[in-house]
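Trainee: I am new to this structure. Please show me how to read its features, one at a time.

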Amino acid sequence: MSQASPVLPVSLAANPRLSSWVKFSSDGQVTVSPGKVEIGQGIVTALAQIAADELDVGLGRVRMVRATTAASPNEGVTSGSLSIQQSGRALRAACAEIRTIFLAAAADRLGVDATALAVEDGTISGPGNVRTSYWELADDVSLDRDATPGVTPKPIARRALAGTSVERLDIPDKVFGVRRFIHDFALPGLLHGRVMRPENSRAKLIGLKDDAARAVPGFVAIARDGSFAGVVCETEAATEAALAALRKGAAWSEGEALPDENDLAAFLKAQPVESTVIDVRMARNSAPKALTLRRQYVRPYIAHASIAPCCAMAQWSGNDRVHVWTHSQGVYLLRNDLALVLKLPLENIAVEHLEGAGCYGHNPADDVALDAVLLAKEAGGRPVRVQWSRADELTHGPFGAAMAIEIEADLDAKGEIVEWRHSIWSNGHAARPGRGTKPTLLAGYEIENPFPIAISGNPPQANGGGGDRNSVPLYDFPAWKIESHRLLTMPVRTSALRTLGAQGNVFAIECFLDEVAAGLGEDPVAYRLRHLDDERARDVIRAAARRANWKPAPKPGTGYGVGYARYKNTGAYCAAIAEIEGDEEIRVKKLTLAVDVGEAINPDGVANQIEGGAIQATSWVLKERVRFDRTRITSNSWTDYPILRFSEVPQVEVEVIQRSEIDPVGAGEAAHSPVTAAIANAVFDCLGVRVRRLPISRDSLIAAMAQSS
Amino acid sequence: MPSIRLHLNGVPTEIDADPDGSLLDLLRGRLALTGPHFGCGTGECGACRVLVGDHAVTSCDTPLWSVADKEVTTLEGLGSEAHPHPLQRAFIAEQAMQCGYCVAGILMSAAALLKQNPKPTEGEVRAALDRNLCRCGSQNRMVRAILRAANEMAAT
């Protein structure tokens, strides 16, 4: 058997220079510089654990550096639950090699064999009480060399930090009010900016009287370029006043029509589409079909609805160099798009990350960075901080795409599935910046010579797909055809929101299966186990079922449901069991989940991500839906876009199945889809009605009851 | 501009400011106290909550005139790394957040609750926090942390 030659982890192959990842200083510190960024998921701590573990230094010696285009490895975007997989593996390999390099240098200096040396908290010691340290050797050992493939990291049994629930490094700052968020940084001479955006969808600015705005005390500048207009003032209060004045002097075109929010499926299915066959499985010999079951599932547009409005700062030097502070998920990718809009070479733009609030995908973080750059251009070299309003945050950022999903299955005489067809109609789920020849930043669509609005695309299946994510069944059906219809029009702006299409697809698949199992008179957990042969899949389902005492005795007014998925079909395994109470509306009482991410670097961090995902998914399922009339997005406040409140949050129990021997994958998106399906299935168990349109609100419940009666 | 007096984090403070301006704007702006966060500007999310006396109020829609001569406490005044409030210790112990942006306001709502009701039930904690939003889904950890702090405070 030939053995494949070893390869570097993907992020290390792209950024092989070891010194770009790790630096030692003679004062006993090690600086670790990942290309991935903290977005509230705890990644910085998990990466510090991996680095400290491989290097054999205490966590307290590790200083984590925020990503910047000036120095950091280019790891693309912090998304897709890939940070542990990409950055973690790269750091583990880089640190293992760096440890070896230092041991060789120590062996030289101490005159002993490298294999006789041990490292403890950075001190390297050997027989005869000889010792030195990373810090002593730091100036003599150059890490300005490329990583070599095939380095062996520590054996699992010797890992001391990876696999343990250390406390997150960023939490103390956040409870003591130490500045950490981009919103809280005050650069010397900082000015404040606001951009005026239209109420009606894609309306053009056709007239602007700005005298009143200019008369506001503290006024500094107005920026106007086509339909892009904004103000810069000395204080935030002055900027708000100037913006209000500017708004009064603005005249807008009518804008572009929006679809009927009450019939999203009809809209999605009536649009021109690009159709792709995602997967086909042909049956060799299956039983003849006796019955065909056809169901349609719909999910609405969903907002990111982060608690903080997006924010950025920018400062120009002269008219051809700009520094940008951003909470974008990808500093290099943002820089690409800024360069396209500004027509500047990449090296004239520095983009530096600062933490924002929780980020659940492609939100307006990148848009506001361009806003800041355009406003700062008028500020005479002073830095400008731009923050979006709550209303703009809920109406002008990209949304998670609405989906219509049709599943049709042929059943044999016993009620077993013999053939399965799954069709998706949806806008694309990705229009992230920095990937193409045209920018995808909002202001780029508004300026006098606008770039065309990028119609969202879908990542390829090899990267987990987009609208089609998790559409290929994980079950052993004998035959299937999966088809994705991506819309070529985009009246509502869409891009990546946690799970992309997986939440919609798993909702459809798992609810459909629940019906099939019910038709067979079979327990839905037993049915799933019978059709899954992957032991890790079976384990998470069995673990969740055991923990939830599946299936508790029936109780009037209470229902139980199950959902399962392996995120992207290649990532984390997760099963969820929901306990709900239902009458005219649904209350989710308890969610019990089991998850397998392979090696859980920080098990409590994984549990935290799964709990958070489960609660966010409950909010999506019960409450969330971007609202609009035919001219504008109307859900522009927390009143009109409600999310789950403390008193509505279910109890959540999480079992993390630790598999130290398996390469780790991310946990941030694993829970949403199984939880969605589990709640919907519990609603049926409780009320005997199948709700196939999200959110499961009082309205959709009544509509489903009317349809089934 | 008229002068406003208040006790801010225990310190008598006098500052010239527009009495109709918002408390949050003054705190985050000229006073450079960035513990309270802006979230919505309409008192709906709670990220900006501070204590006025024993009550947690949304500072984004609280006019300055209404806090004249009152005691105002921001997150910075709740405790520090050297002298943490039991709530701050408990939030670390329970790892009770993901992004932490909403936490400043949630800690202040919790502090107000414990002043008025030192031994709350879980249901009372949830009710007291119902006007604070958290988008990351860390609510249950926060409730546990608040109950933990209440126990600790009762024991001392």
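Mentor: Start with one pair: Val52(B) stands opposite Val72(B) in strand 5 of chain B. This is a predicted model: local features need pLDDT of at least 70, side-chain atom pairs count only at pLDDT 80 or more, and totals for chains, interfaces and linings use all residues. Residues are numbered from 1 along each chain as its sequence is written, and chains are lettered from A and ligands numbered from 1 in the order in which they are written.

Trainee: In what sense do strand 3 and strand 5 of chain B pair?

Mentor: Strands are DSSP runs of E, at least two residues; helices are runs of H or I, at least four; both are numbered from the N terminus. Two strands pair if DSSP finds at least two bridges between them. Here strand 3 and strand 5 (residues 71-73) of chain B are antiparallel, over 2 bridges.

Trainee: In what order do the 5 strands of the open sheet in chain B stand?

Mentor: The order is 2-1-5-3-4, with mixed pairing. Strand 2 (11-16) and strand 4 of chain B each have a single partner strand, so one side of each lacks a neighbour in the sheet.

Trainee: How is chain B divided into domains?

Mentor: Domain bounds come from an automatic or database assignment. Chain B has domain 1 (3-78) and domain 2 (86-155). The contact takes 15 residues from domain 1 of chain B and 15 residues from domain 2 of chain B; residues are in contact if their C-beta atoms, placed from the backbone, lie within 7 Å.

Trainee: Which element gives the most to the domain 1 side of that contact in chain B?

Mentor: Strand 3 of chain B, with 3 residues.

Note on methods
Contact = placed C-beta atoms within 7 Å.
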